[in-house]
Amino acid sequence: MPGLFTVDFTTALIFGAVTAGIPLLLAGLGEQISEKAGVLNIGIEGMMLFGAYTGFLVAFKTDSIWLGFLGGAGGGMLVALLMAIFCVWLGMNQIVIGIALTLGAEGLTALLHHFQFSRTYPRLGAIDSLPLPVISDIPVFGRALFDRHPLVYLSILLVFAMAWLFRNTYVGLNLQAAGDKPAALDAAGVDVYLTRSCAVLATGALAGIGGAYLANVGAGLFLPFMTNGAGFIGLVLAMLARGHPVWVLFGAALFGASLALTTALQVAGLNIPTDVVQMLPFAMVMLVLVIFARHSYLPPALGLPYVRGER
Amino acid sequence: MTAPAQGGVKSSAGARLATAFRVLLPIVLALLVGAVIILALGKDPLTYYGYVARRGLLSPIGIQATITRMAPLLMIAAGLIVAFRAGIWNLGVDGQFLLAAVVTAALAPVLVTLVPGWLMILISLVVAALVGAAWSLIPAFLKARYGVNEIITTLMMTFLGIGLANVLIKLPFNDPNTTVPQTATLAVEDRLPRLFDTTIHSGVVIAIVAVLLVHLLMTRTAFGLKLQIVGANPRAAVHAGLNVSRLTFATFALSAGLVGLGGAIEVLGVWGTVRADWNPAFGLLVVPLVFLARLHGVAVIGFVLFFAVLMSGGESASRRLGVPTDFVLVLVALLLIFLALVEFLDHRRRQATKA
C-alpha cells in the first residue's frame, strides 16, 4: 500500500487519536476518583451523555466553547448529584441506580433533542486552537499534539495533578480511605458521606466535560446516544489503571488511536470493516491480561454503601 | 416520602398487601412523574398511558407482542440470576447474546437443509449455549486462576463480541442476495413453532421454564447452595472444601450459556436472521430488573412482563402519538429509582421496628 503512512496520514492519525482519546481520558480519570472513594459509578455513561447534551446546548446558545464545557460539567454534576443522594447518602444499590441514571439520561436527552430540534442536527462553528510556541512546529506530530484547544493541555495537566493529589495530599488519602476502610476514616473524624459525595460530583464534572468535548470538539454537534459506550470504556480504563492516573492516560491514548485508525483507514480507502479495528484495543488489553494476569487491585469497600455504625 | 404507614402487620394477608403496595407505589409514582414530563412536552399523558396499556397489554395483538418480547429478556434474567447469586458480575451479556444469535442465524438455514426441523432447532440451541459459554471462558479463567476482576473482563469481552458478531455478519456469514449486510434468512415455517393460534412462539415457554428451573437450581439443590456459598464468602467456601475455581467456571458457563440460548431463541423465534449493527442491548435493561426482583426467579417474571408492556406499547404510541420511544427509557429509569427508593425506605422501617 504505497503512500499509506505518509506524513499527512500520520499527522491525521495522531490528531484523531487525541480528539477521540480526550473524552475517554476525562471519563477514566473521573471514574477513578469515584472508585478510589468506594463508589462503583456505572452512571458515568449517563453523566457523560447528559454533559454532552447540556454542553452542546450552552455552546450553541452562547457561541462560547468555554461556557459549553462549563455547561457540560454542570450537566454531568446534575446526574452525579442524584447518584450521590441515592447511593452515598441513602446507600441504595449502586448498580441499579447507576444503570437507571444512564437509561434516564439516554431517554431524556434524546427526548429533549427531539422536541427542540426535531430531526435537524445543528452544527457548531470551528473550534479555535492554541498553538504552543516552538514545539507546535515539530514536523509530523507537532501540529497534531501541540496546536489544540487549550482543554487538551488542561486534561493532560490534570493527569499529573491527580497523581500528585492522590499521593501527596490529605484529600488523596481521605479518598483512598473512603474506599479501603470507610469506618476508619469515620473514626478519624472525616465525614465519609461528604468525601464520597465530593468524589461522585467530581466524577460527574469530569465525565460531563468529556461528553461536552465529544459533542462540541469531536463531532461539532449533538446526536442522541452519541457517547455509545464511551463512559463504559472510561470505567474499564479506570479499573485497569489500578488507581494510577498516568495509566488512564496510556489507556485513553491506546483506545483513542484505534478509534482514529478506523476513520483514517477509511479515508485512505482501505476496505477493512471498521469493527475489526475497533476491536483491536479490547483484544490487546485482553491479551495483556491473559499473559500478565495478576490479582487486580480494587478498593475493598468498592460498591458497598457506608452505613454508620454497621459492621 | 410516603413509606408504607401500617407498621408491624403480621398476618399473611397484611404482608401480601404490603408487598403489593411496595410494587404498586413505585409504579404509580413513576407514571405520575412521567405524566408531568409528557405534559411539559405538550402532549396528553392520559391518552398516552391509555394507548400504551391498550396496545401493550389489553388488545389481543398487543399482549401477544408483549409476551413474545419477554423470551430473550427472561433467558438473560435466568443467566444473570445464576451469576449474581454466585457473586459473579457477568456484565458481558450483550456480547454473549449477540454472538450466539449470529452463529444461530448462520447455522440454522444450513442445518435445515440437512436434518429434520426439530433436530435443527435442538442443535442450534445447543450450539448457541456453547457459543455463549465459550465467550465467557477467558473471564472465567482469569477470575478463577488469577482473581482478575470480571467486571473489566466481561465488559471488554462484550465490546469484542459485538465487534466480532458484526465482522461475522459482514464477511463469512453475509447473505450476498441482500443489500444490507445480514445473514441468510430462516424461512418462517422452519422457525420455532407458534403456540396455538397466536403469534407467540414456543421459545417463550422455554424461557419461562428456564427461569423457574434456575430458581429451583439455586434455591433447592446442593449445587445451587454451593454457588451461593461462593457468592456470599469465597474464602469461607475454600475452607468448607469447595472447589471454588471449578464452581467459578461452572457459574460463568451456565450464566453465559443461558444468555446464549436467549440469543438463539430470539433468532429462531422472531427474526430468522441477524442484520449488521443489530444490538438490542438487553443487558443494561435486564440487570436492574434482576436486582429489583432480589435475584428471585419468580418475581423477575413480573418485572420483565411490566417492562415488555412498556416497550411494545411505547413503540406503538410513538408511531401514533408522536411521543418518541425514548420516553420509555425515561419511564424505566424513574421506575427503577422509585422501586429502589421504596425498597430502601421499607428496609429502613423494618430495621427501625426491629431495634
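Figure 1. Arg349(B) and Asp346(B) are 3 residues apart in helix α14 (residues 326–354) of chain B, so about one helical turn separates them. The model shown here and in the other views is predicted. Arg349(B) pairs with Asp346(B) in a salt bridge, and their closest N and O atoms are 2.9 Å apart. Asp346(B) has a relative accessible area of 2% and is buried. The pair belongs to a network of salt bridges that links Asp346(B), Arg349(B) and Arg350(B).

Figure 2. Arg69(B) and Glu315(B) join through their side chains in a salt bridge, with an N to O distance of 2.8 Å. Arg69(B) belongs to helix α3 (residues 60–85) and Glu315(B) to helix α13 (residues 297–321), so the pair ties together parts of chain B that lie 246 residues apart in sequence. Arg69(B) is partly exposed, at a relative accessible area of 24%. Glu315(B) is also partly exposed, at 29%. Over all chains, the structure holds 5 salt bridges.

**Figure 3. The salt bridge of Glu150(B) and Lys143(B).** The side chains of these two residues meet at 3.0 Å, N to O. Glu150(B) counts as buried, with 2% relative accessibility. Lys143(B), in contrast, is partly exposed, and its relative accessible area is 27%. Side chains of opposite charge can pair when their charged atoms come close.

Figure 4. Helix α11 spans residues 244–271 of chain B, 28 residues in all. From the first C-alpha to the last, α11(B) reaches 39 Å, close to the 40 Å expected at 1.5 Å a residue. The helix is mostly covered, as 20 of its 28 residues are buried.

**Figure 5. Surroundings of Gln32(A).** Gln32(A) is part of helix α1 (residues 7–36) of chain A. Its relative accessibility is 2%, so Gln32(A) counts as buried, the limit being under 20%. The side chain of Gln32(A) reaches the backbone oxygen of His244(A) at 3.5 Å. Leaving aside residues up to four places away in sequence, Gln32(A) touches Met162(A), Phe166(A), Ala238(A), Ala241(A), Gly243(A), His244(A), Pro245(A) and Val248(A).

**Figure 6. The interface of chain A and chain B.** In this interface, 46 residues of chain A are in contact with 46 residues of chain B. The two chains bury about 4,100 Å² between them, and 86% of this area is on carbon and sulfur atoms. On the side of chain A, Leu103(A), Leu111(A) and Met286(A) lose the most area to chain B, together 15% of what that side buries. Between chain A and chain B the count is 0 salt bridges.

**Figure 7. The side of chain A that touches chain B.** Helices α4 (94–117), α10 (230–240) and α12 (274–291) of chain A each supply at least two residues of this side. Among the elements of chain A, α4(A) gives the most, with 16 residues. Sorted by class, the side of chain A that touches chain B has 34 nonpolar, 8 polar and 4 charged residues.

Key. Residues numbered from 1 in each chain as written. Chains lettered and ligands numbered in written order. Predicted model: local features only at pLDDT ≥ 70, side-chain atom pairs only at ≥ 80, totals over all residues. Heavy atoms only, no water. Helix = DSSP H or I, 4+ residues; strand = E, 2+ residues; numbered from the N terminus. Expected span 1.5 Å × (residues − 1). Buried < 20%, exposed > 50% of the residue type's maximum accessible area, 1.4 Å probe, protein only. Contact = heavy atoms within 4.5 Å. Buried area = accessible area lost by both parts, 1.4 Å probe. Salt bridge = Lys/Arg side-chain N within 4 Å of Asp/Glu carboxyl O. Nonpolar A, V, L, I, M, F, W, Y, C, P; charged D, E, K, R; others polar. Polar contact = N/O pair within 3.5 Å; in protein donor to acceptor, adjacent residues only side chain to side chain.
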